[in-house]
Every structure is written in structure tokens, then in C-alpha cells.
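Hello,

Here is the structure I promised to pass on. Please open it first; my notes follow below.

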Amino acid sequence: MKNIFGILFTASAAIALVSCSFLEERPDSFVSRDGYFKNEVQCRQAVNSAYAQLRTVFNGANWIFTEGTTDIIYVPSSSDVNAIMDISPAHCNYATTLWNSAYKSIMYANEAIQGISTSPLTDEQKASLIAEAKVMRAFWYYNLTCQFGDVPFYTEYVKDEDVMNRIARMGRMSAVKTMEALINDLLESLGDVESGEAPALPAVKAVEIETGRGGWAMGQMLIAKMAMWNAAKDDAANAVSWYIVAQNALRQLENVYGELGQYPLSDLYFRNKNTPEVIFEIQHTYNTAGLSYTSNLATNCMPKKDGANESDVFDGVQIPEMGTDTKVGTCSRPTLYFCQALQPNTGLDQRAKINMAWDYNGTAFKSTATKPWMGPKFWCPYMHQDLDHNNYPIFRYADAVLMMAECCCALQDEAGFLKYINMVKSRAGLPAYTFSKWEKALNEVQDERARELFGEFQRKFDLVRWGIWYERVMEYTDWETLRVTLKPCHEYLPIPEKQVIYSGGALDNKEYNKYGL
């Protein structure tokens, strides 16, 4: 099966893949499309360009922001500005990478949609390719809004310098309005399978389509994710309708993915790629004799290494599967709150030994008397130096099941809530949850999302959506340096100062300004 990441967009848009910001690009480097979009191969290449920045964005730095600065994981590094949130508009670090890469990808998706719509392809071919481009466009906007909050929103094709200049001076648009527009766009593009509408993309599991592509399932997941965000952030009077939108999308996923228990817990290991449960994941490969696509997450998610580099002993225990060439960086750790209160080693939860490592094959590590290392879920066997070739899961079906449980909780559907929360608990080997009151039910969903989706680029988004990120981190992080540096404005990343200036003041960082940053 051909991998989407092995296909490069070779048209003139590739010229724009440079280090500077999209907002500073010269439009004559990518707006000339005369002679392009003439056949399906060219149109598909244009859609592929919306994938090009995924590996740039989804790496160890992104993981630190979304998982390592939360209530369940911390990264004990005083020098890593991401780990201690020592960031500001003038010192954005990873935020600049995310901003530039996301907007480049959105620009390419917009161009693909426009070009394909006027191409000589059949209506069916156009609908499929445009729907996929819109899924990717929504994905990038979803990440921008979750990370930055309100951001500029546009769907235009940048056809000339006048359009470029106008877009470059757009201000922030409400994240709620942005997500509403994207939801409506996806609903129109994907169709409603339940109503008998023929979908533009095959209504199948991600594993059944070309590896690494954003398909129908990913589109439904994004609809649900954004609707649940709006349920929390929109006017309270609209919450019910947003939860219903989310439920409709999640129900369509359930019709295809079925009972969660059919998917083994081994699906949780990052090394097990493109499993039947997956909805979307970032693709990596490594071959000593060929081309490599790697990242750097695993190096910060393994036990500390003993002795010389040519050793397979980690914190006093030999781990042959790690090999002797593995390089270990700053070792992330679960918080005491997670490993003692949420998922203790002595409990029944079968995910505990996947998420955390107190020992290896029964031999205890030297430094895990009170707190474990990150578990084998994140380890990369026989990794060369820090070249992590695991795939990174972004969306899994278990996430959708827990979202359905949360929707049922919000709508006070007790039977539905118990059905979905216990799907997850049953697979993990836990006893069924017994309902008492809705406040406790919501807390259980929040805790279960921490257990099930531990380390999967989700936790900060959840905490921000629930409005409890800053308080939870301050209460539960074990990294005192983070607690000292952290400010409420860090709930969202700052827009890079360079972009604010280039926008002519249309963009701002007012929340950061309140704290003198």
C-alpha cells in the first residue's frame, strides 16, 4: 500500500515550502497555476500538499505542549522553554513552527479546493478530492484554534498580491465561529450516511483507505471534536444543539467501527502502526539503508540510560528490545496524581503497564519507588540514537467512544452514558461504572480520558475545553519550575510577535500583555 507521505507535491506550490512565514511569502512563488489541475494525478498532488507539514508539527515539542504541561505528565527540564512554558509573543519557540506550518497547509488546501473545482475531472472525482482537502483544512484549523484560541480564518484561494495583503491583515476570528463554519463545510462535503446520502469519501475505517490519508472517519471525528468544543465555549443556550451535532457524527463512526472490545489493547502501543482502531496517525519509518521519516518523542519517554552509549541497561535493568544505540533525553514522568490516584500500579487497569513502567518483566527499576517511568506504549524498539520511527496516534476510536459518553453525560442520558463509559472500562479490565449523579459522571469521563488517551496529544485540549487547565496544572504538576513560570495566559500559545507586526496591528496578544509579556 502506498504511503501518502512518500508522495511529494511537485508543482510550483512546493517552492513555498520554506522556513519563513506564509504571511511573508511572495505570492508570485505559488499563485501561478496555468497548465495545472489538468488531470487526477495533478489534483491529487495538490491535495497531498496539505499533508506536507504534519511531521514538522507533530513532534516532541508539540507533545510537551499538549501532554507534558498538564495534570498527568511533566518534563523535568529547566532549560526547555516548552516544558516550563517560558514563552511570550517575542519568544514563541514552537508556537512559530505551528503557526507557520498550519497556515501554509491551509493555503495549499484552499488552492487545491479551488483548482480541483474547475478541473476537467468527473463530478465524483472532484467531490472526493475536495472533501479530503476540506478534511485536512479543518484539521489544521482545529489545531490552530485549540492551541491559539481565536485565529484568522479564511478559505480563499490566494490568487494575487491584493488577496495576500488582505489576508495578512486579518484579525482574530472567534474560535466558535471558525469551528461552526468548518463543521458546516464538512457536513456539506461528507454527506450523512445515516440519511442514505452517498458520502463523498468512503464511509469506512481509516485502515481500509490509503495509509496516512485523512478520510471520512477523520472528518466525522473533527465534526465531533469541534462541536464539543463549541458546546463548552459557545453561549450556554446552544450547548445542547452542539452536543447533538457531535453525537450524530460519533454515531456514524460507531456504525462503522462497532464494539470497542474487538480492538486489542496492543493498539495503544505507538510502535503498532495503522491498527484497525486508528482514525488518524502521523506516519514515520526508519531504514538504515533507505529514506527515513522520524521524529524525537520516544527519546524523552524512556527510562534513563545507564553507563556508556553502547548499553541496553536502563535504570539498572537490561532491556534488550531497546538495543544499545538508543539515545535518551530528558525523561518525562507521570505525575503522582496520575500514577497514584488515577491509574495505580496495584489496580486492575490493564492499561497501567502500557502507560507506565515501574519494572521490566518483573524486575523493578532503581528509581521507581514512588513514581514510574513512561511506559512501553511510547518506547521505540531498536531506535537509532534519537530517531523515533513509531507512528503517533492523533485520533483513535476509543476517543470517539469517550466523547459519546461525555455527550450522553451532558444530555443526561444515563443508559447511553453507562453504555459508552463501560465500553472503555470493560476493555481495560475494570468493573462497570455505577451511576450516582451527573457531576460524578462528568468527573469519571474526565478521568477516563486521562487513563485511555494518556500521552496521545489530547490532554491539554481537553483541560482547556473544560476550562480547568491552569488550575489543574498548578494543583497536580510535580515540576516546581513549571508551577513558578506558568501563567493563566499560557492556556493558549501566543501569536508570534513578528506576525502581529506584519498584520499592521490586526492581530494581538492582549492576554499575554496583561502579564507583562
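First, a term: an axis is a line fitted to C-alpha atoms, for helices over the stretch in contact, and angles run from 0 to 180 degrees between N-to-C directions. Helices (H or I, at least four residues) and strands (E, at least two) are DSSP runs, numbered from the N terminus.

Residues are numbered from 1 along each chain as its sequence is written, and side-chain values use heavy atoms, without hydrogens or water. The model is predicted: local features need pLDDT of at least 70, side-chain atom pairs count only at pLDDT 80 or more, and totals for chains, interfaces and linings use all residues.

Start with two helices. H9 and H12 pack with their axes 9 Å apart, at an angle of about 140°.

Next, the rings. Phe, Tyr and Trp (its six-membered ring) pair if their centres lie within 6.5 Å; planes under 30 degrees apart are stacked, over 60 edge-to-face, the rest tilted. That rule gives 27 aromatic pairs. One of them is Tyr263 with Tyr397: the centres are 6.1 Å apart and the planes at 75°, so this pair is edge-to-face. Tyr263 sits in the loop between helix H9 (239-257) and strand S2 (278-282), and Tyr397 in helix H12 (residues 397-410), so the pair ties together parts 134 residues apart in sequence. Both Tyr263 and Tyr397 are buried (under 20% relative accessible area; exposed is over 50%, partly exposed in between; 1.4 Å probe, protein chains only).

Now the strands. S2 and S10 run antiparallel, joined by 4 bridges (DSSP must find at least two for strands to pair). Phe280 stands opposite Phe395 in S10. In strand S10 (residues 392-396), 5 of the 5 residues are buried, so the strand is largely enclosed by the rest of the structure.

Last, two loop residues. Asn361 is not a glycine, yet its phi is positive, near 50°. It lies between strand S7 (359-360) and strand S8 (363-364), exposed at 69% relative accessible area. Tyr382 also has a positive phi, about 50°. Tyr382 is in the loop between strand S9 (373-374) and S10, and is exposed at 55%.

Best wishes
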